[in-house]
Amino acid sequence: MTQPIRVLLAKVGLDGHDRGVKVVARTLRDAGMDVIYSGLHRTPEEVVNAAIQEDVDVLGVSLLSGVQLTVFPKIFQLLASKGAEDMIVVAGGVMPDEDVVEIKRMGVREVLLQDTPPDVIVETLTRLVTERGER
């Protein structure tokens, strides 16, 4: 039997709204994934350290505060410095289309915005982990 997909969901920065990320966490758990929610107001360092310690397959960062162009470069720099470049990073929340293009260029594998249906989120994470294969 294969291990369940492990996901860390994080809210980085000053964004204080977490209803959406909690719905996503429940959806992923209901689909059989192991989900850790880091809580509000985390730093990129806290999120990356937790993702590595928990040995997650996917780091999902939820943002509503418009800091995606500053947060993701820090996250990718930290992952690289800790030898964890194989971790799949996805983004969620609300952001302009041009920022979606830019953060994907940085290495974010998928951006799941606020109107993404729950089943599409599950399918997307499953596909990304399957495509990556065993670590």
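This is a predicted model: local features need pLDDT of at least 70, side-chain atom pairs count only at pLDDT 80 or more; totals for chains, interfaces and linings use all residues.
Reader: How much space lies in the largest pocket?

Author: A probe the size of a water molecule, rolled over the atoms, shows where empty space is left. Here 27 residues line the largest pocket, and Gly 20, Val 21, Val 24, Gly 93 and Leu 112 are the closest to its centre. The space in this pocket comes to about 400 Å³.

Reader: Which element gives the largest share of the lining of the largest pocket?

Author: Several elements give two or more residues to this lining. Among them are strands S1 (6-11), S3 (58-63), S4 (88-93) and S5 (110-113), and helix H5 (118-132). The largest share is 5 residues, and it comes from H1.

Reader: By class, how many residues in the lining of the largest pocket are nonpolar, polar and charged?

Author: Gly counts as polar in this scheme. Charged residues in the lining number 2, and polar ones 9. The nonpolar count is 16.

Reader: Which residues are the closest to the centre of the second largest pocket?

Author: About 350 Å³ of space lies in the second largest pocket. Its lining is made of 14 residues. The closest to the centre are Gln 3, Asp 57, Val 129, Arg 132 and Glu 134.

Reader: Why do the buried residues of H2 lie on the same side of the helix?

Author: The buried residues of H2 (residues 44-53) are Pro 44, Val 47, Val 48 and Ala 51. They lie on the same side of H2 because the arc they cover around the axis is only 95 degrees. In general, an α-helix has 3.6 residues a turn, so residues three or four places apart point the same way. The arc to remember for H2 is 95 degrees.

Reader: What do the buried residues of H2 pack against?

Author: Val 47 and Val 48 are among the buried residues of H2. The packing partners of the buried set are two strands and a helix. They are S1, S3 and H3 (68-81).

Reader: Is Ala 80 buried, exposed or partly exposed?

Author: Ala 80 lies in helix H3. Its relative accessible area is 37%. Buried means under 20% and exposed over 50%. Because 37% falls in between, Ala 80 is partly exposed.

Conventions
Residues are numbered from 1 along each chain as its sequence is written. Side-chain values use heavy atoms; hydrogens and water are left out. On a 1 Å grid over the protein atoms alone, a cavity is a set of points where a 1.4 Å probe fits but cannot get out, and a pocket is an open set with protein on both sides within 12 Å along at least five of seven lines; lining residues have an atom within 4 Å of a point. Grid points are joined across faces, edges and corners, and a volume is the space filled by probe spheres set on the points. Helices (H or I, at least four residues) and strands (E, at least two) are DSSP runs, numbered from the N terminus. Buried means under 20% relative accessible area, exposed over 50%, partly exposed in between (1.4 Å probe, protein chains only). The arc is that of the directions from the helix axis to the C-beta atoms. Contact means heavy atoms within 4.5 Å.
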